Amino acid sequence: MGTVRVYIIRHGETEENRQKIIQGQLDTQLNSEGEKQADLVAKALKDVPFDACYSSDLQRAVGTAQRIRVHHPGVKLQTQIMLRERYMGDMEGRVWGDFQGLILANGERRELREPESPKAVTERAMTWWNETVVGTTASCVLIVSHGGWIRLLVQGLLKHNAIRAGRGVTVGRCLNTGVSVVEIPRERGRGKLLQYGNIVHLRDEVDVVEGNADEHGIAPLVQPWT
């Protein structure tokens, strides 16, 4: 039977992360700290035998994936729109609470582009997972995506009993280049979340932004999942 091991990595830091600006699907790039973070996670994963590699098509994710692939030159990088961060509508490019330009002279709000709901992102992420990861012929898969997308995917898999969390593993904020690992059986069965958002590879070598504006409004799991 065997298993498939899946490494899910959040992209490195961007200047927008540092400024606490909502990015959503804005196509932002890694800053210098993000490049260092990506190099450190790449070094930590250099001996992992990846045979499939997927990334969001946004530059901050692609840039992170490319640095990881330096150690895995034989693995093709496949970019996927379905791995994009949650679309945040008119809040993209703003900090939370900044409504300048969204309020009309009479005090009313102009019609806004609504953000993608957490439920919709969960459905998008799980659809991609079920179509791409479940049943894969690969043995070790690399996925590079975004904090909100990763959190909602993992919470969705736990909630639908597709996976269970290992002892002591909890799901919350996923910091830049946080590493989550899921192991799933090749045949039907329940997988296991081995770790979530691990940044031990960063140690004290770089400064890490603690928050993530794009995870605003995502509710935590309401009970522990085992």
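Let's start with His72, which is found in the loop between H3 and S3. Helices here are DSSP runs of H or I with at least four residues and strands are runs of E with at least two, numbered from the N terminus. His72 counts as buried because its relative accessibility is 8%, where buried means under 20% relative accessible area, exposed means over 50% and partly exposed lies in between (1.4 Å probe, protein chains only). Its side chain reaches the backbone oxygen of Val48 at 3.4 Å. Not counting residues up to four places away in sequence, His72 touches Leu45, Lys46, Val48 and Phe50; contact means heavy atoms within 4.5 Å.

A word on the model itself. This is a predicted model, in which local features need pLDDT of at least 70 and side-chain atom pairs count only at pLDDT 80 or more, while totals for chains, interfaces and linings use all residues. Residues are numbered from 1 along each chain as its sequence is written, and side-chain values use heavy atoms, with hydrogens and water left out.

Now step out from that loop. S2 and strand S3 (residues 77-80) run parallel, joined by four bridges, and Ser55 stands opposite Thr79 in S3. S2 also pairs with S4, again in the parallel sense over four bridges, with Val144 of S4 as the bridge partner of Ser55. Pairing requires that DSSP finds at least two bridges between the strands.

How covered is S2? Five of its five residues are buried. Ala52, Tyr54 and Ser56 point one way, and Cys53 and Ser55 the other. In a regular strand the side chains alternate between the two faces of the sheet.

That brings us to the nonpolar cores, meaning sets of buried Ala, Val, Leu, Ile, Met, Phe, Trp, Tyr and Cys residues joined through side-chain atoms within 4.5 Å. The largest has 31 residues, and Trp129, Ile143, Trp149 and Leu193 touch the most other members. Elements giving it two or more residues include strand S2 (52-56), helix H4 (118-133) and strand S4 (140-145), but the largest share, seven residues, comes from H5. Apart from this core lies another, of 19 residues, among them Ala61, Ile68, Val144 and Val181.

Terms used
A polar contact is a pair of N or O atoms within 3.5 Å; within protein, one must be able to donate a hydrogen and the other to accept it, and residues adjacent in sequence count only if both atoms are side-chain atoms.
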